[in-house]
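Subject: Structure handover

Hello,

Here is the structure I promised to pass on. Please open it first, then read the notes below.

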Amino acid sequence: MIESYFPHSRKVYVTGSRPDLRVPFREIELAHTLNEDGSQKKFNAPIRVYDTSGPTFDGPLPALRGDWIAERDHATQLELARAGTITPEMEFIAIRESVEPEFVRDEVAAGRAVIPANRCHPECEPMIIGRKFRTKINANIGNSALGSSIEEELEKMRWSVIWGADTVMDLSTGKNIHGTREAILRHCPTPIGTVPIYQALQKVNSDVNALTWDVYRETLIEQAEQGVDYFTIHAGVLREHVPLANKRLIGIVSRGGSIMAQWMQNKNEESFLYTHFEEICEILRKYDITFSLGDGLRPGCLADANDEAQFGELKTLGELTQVAWKHGCQVMIEGPGHVPMHKIKENMDRQLEDCFEAPFYTLGPLVTDLAAGYDHINSAIGGALIAWHGCSMLCYVTPKEHLGLPNKEDVREGVVAHKIAAHAADLANGIPNAQDRDDAISLARFEFRWEDQFSLCFDPEKARRFREESMPPGEQFEASQRYCSMCGEKFCSMRINHDIRKG
């Protein structure tokens with residue numbers, strides 16, 4: 001299926017120290033470069049790119065990590081890294097990221113990176129989230145009370161990973177949440193995240209007052225046993241923070257944060273996510289599920305950015321990070337939200353300090369409140385900036401943000417926009433081999449190799465379509481032109497440069 005969207009490329013595997021450790025890449029075949037007289041000048045070597053699309057067949061995926069999990073005890077990746085053990089997952093990641101396995105182990109041991117990989121999700125291809133590795137992106141899917149079937153959510157998941165999502169979150173709040181999640185987990189090659197409070201609330205018929213620790217605990221275990229790799233848990237929203245949020249222009253915009261704020265207000269009690277946090281740690285440690293400590297008080301508009309409520313919660317998340325690490329659990333921290341560009345760096349700096357360099361995972365941030373219909377671009381601008389400053393993963397935003405449930409094409413737009421943002425940050429941060437693909441496409445442009453230009457970009461189909469639509473009738477499908485429609489043949493700077501070089 002992936003070859004139909006990325007022509008002139010194929011999936012290849014690099015084998016590690018054991019035969020069942022096979023790391024996927026997508027290899028892009030490039031054309032020969034020719035001299036002016038048509039003779040061959042040199043061969044353009046294939047470009048290998050990071051691939052998240054998974055095995056190329058329909059149906060439930062094979063248990064890639066089944067033997068690895070069976071061969072070891074129930075220590076977490078963090079505990080094994082601290083003990084000096086390089087797991088098969090760490091070696092797999094090292095090959096994917098073009099780094100040494102010991103480097104992976106050291107970053108995980110220090111808490112600066114996480115490997116979300118539940119023992120009950122053996123289908124998952126190992127990946128890492130940490131600021132010294134490639135910037136990752138997450139795609140949100142999930143049904144709502146207004147609709148969407150299991151097959152539709154599976155199609156969104158497949159579509160997300162084809163275009164490059166590194167993780168997928170199932171945020172279902174509608175019917176058959178358990179069945180939807182089960183289907184996604186058995187078919188998804190990337191880590192899956194959830195927000196367990198959504199299903200817990202559904203179990204009590206959306207009555208916040210009926211929520212209890214026991215219902216929430218039951219939900220955690222249910223999702224853990226299915227194989228969820230990371231949980232968003234809004235344990236940092238405390239009673240003392242709610243009055244701070246009430247001063248805001250638009251209050252609490254996080255669903256999980258608002259649910260817990262209402263529960264605390266109605267019950268006049270501290271959040272059970274906070275008071276039972278060590279019990280949550282024990283559950284997550286048993287399955288090696290990664291904490292994604294949720295930003296329940298993220299700003300929902302520019303006016304509320306970087307306020308007392310947001311940074312008060314961040315301090316609490318730092319305290320909880322140390323508790324989770326004590327229990328051997330991996331942790332990443334979720335971040336804003338709507339933040340103007342001049343306030344983005346402070347978010348990253350405060351997170352690194354307050355949360356002891358645990359990986360940061362942000363929604364955007366969105367840098368204006370005016371971009372309805374274009375919020376994928378809005379979010380990608382902020383995402384590129386915060387990733388440049390050290391953010392490890394960006395949560396995609398689609399054009400439908402603030403407006404409705406995204407469809408298949410919205411998912412594609414959101415994923416590609418955020419892959420561009422992540423890649424831009426990787427270039428700025430000097431990630432190994434990040435610029436190889438840019439250099440290859442630049443040379444292809446200079447040499448008028450149109451097919452290679454299409455193959456090397458993030459969305460070959462769209463690039464090809466735009467070029468064909470812009471060319472004169474009869475020339476749309478001609479690949480040998482030494483110009484584009486923007487400049488035409490006489491004013492093409494590339495052609496003029498070739499003439500200059502010929503002297």
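Predicted model: local features only at pLDDT ≥ 70, side-chain atom pairs only at ≥ 80, totals over all residues.

Strands E1 (residues 9–15) and E2 pair in the antiparallel sense, over 7 bridges. They form a hairpin, with 6 residues between the two strands.

**The open sheet**

E2 has another partner. It pairs with strand E5 (residues 47–50), again in the antiparallel sense, over 4 bridges. Phe25 has Tyr50 of E5 as its bridge partner. Ile28 stands opposite Ile47 of E5.

Together these make an open sheet of 3 strands, in the order E1-E2-E5, with antiparallel pairing. E1 and E5 are the edge strands, and each has a single partner, so one side of each lacks a neighbour in the sheet. Neighbouring strands here are turned by 45° against each other on average, direction ignored.

Is E2 enclosed by the rest of the structure, or open to the outside? Largely enclosed, because 6 of the 7 residues of E2 (residues 22–28) are buried.

Helix H4 (residues 88–97) lies across E1, E2 and E5, and runs at about 15° to E2. Helix H18 (residues 436–446) lies across E2 and E5, and runs at about 135° to E5.

**The barrel**

Now look at the other sheet. It is a closed barrel of 8 strands, running E8-E9-E10-E11-E12-E13-E14-E15. The pairing in the barrel is parallel. Its neighbouring strands are turned by 25° against each other on average, direction ignored.

Take one pair as an example. Strand E14 (residues 360–363) and strand E15 (residues 393–395) pair in the parallel sense over 3 bridges. Tyr361 stands opposite Met393 of E15.

H9 touches E10 and strand E11 (230–233), and its direction makes about 155° with that of E11. Helix H13 (residues 277–287) lies across E11 and strand E12 (290–293), and runs at about 140° to E12.

**Helix H7**

Find helix H7 (residues 177–187) next. Of its 11 residues, 9 are buried, so the rest of the structure largely encloses this helix. The buried residues are Ile177, Gly179, Thr180, Arg181, Ala183, Ile184, Leu185, Arg186 and His187.

What do these residues pack against? Three strands are among the partners: E8 (136–141), E9 (167–170) and E10 (192–194). The helices are H6 (150–163), H8 (196–203) and H9 (213–226).

**Two helix pairs**

Two packed helices are described by the angle between their axes and the distance between the axes. Here are both values for two pairs.

The axes of H6 and H7 come within 10 Å and cross at roughly 35°. This crossing is right-handed. From H6, the contact uses Ile150, Glu153, Leu154, Met157 and Arg158. From H7, it uses Gly179, Thr180, Ala183, Ile184 and His187. By class, the residues of this contact are 5 nonpolar, 3 polar and 2 charged.

The axes of helix H15 (residues 344–354) and helix H16 (residues 375–388) come within 9 Å and cross at roughly 45°. H15 and H16 are therefore oblique to each other. H15 passes H16 in a right-handed crossing. Ile344, Asn347 and Met348 of H15 meet Gly382, Leu385 and Ile386 of H16. That contact has 4 nonpolar and 2 polar residues, and no charged ones.

Glu461 sits in helix H20 (residues 460–470). Buried, partly exposed or exposed? Its relative accessibility is 33%, so Glu461 counts as partly exposed. Leaving out residues up to four places away in sequence, Glu461 touches Tyr5 and Arg412. Glu461 and Asp51 are 410 residues apart in sequence. In space they are 18 Å apart, C-alpha to C-alpha.

Best wishes

Technical notes
Residues numbered from 1 in each chain as written. Heavy atoms only, no water. Buried < 20%, exposed > 50% of the residue type's maximum accessible area, 1.4 Å probe, protein only. Contact = heavy atoms within 4.5 Å. Axes fitted to C-alpha atoms, helices over the stretch in contact; angles between N-to-C directions. Parallel < 35°, antiparallel > 145°, perpendicular 65-115°, else oblique. Left-handed = near helix turned anticlockwise from the far one by under 90°. Nonpolar A, V, L, I, M, F, W, Y, C, P; charged D, E, K, R; others polar. Pairing = 2+ DSSP bridges.
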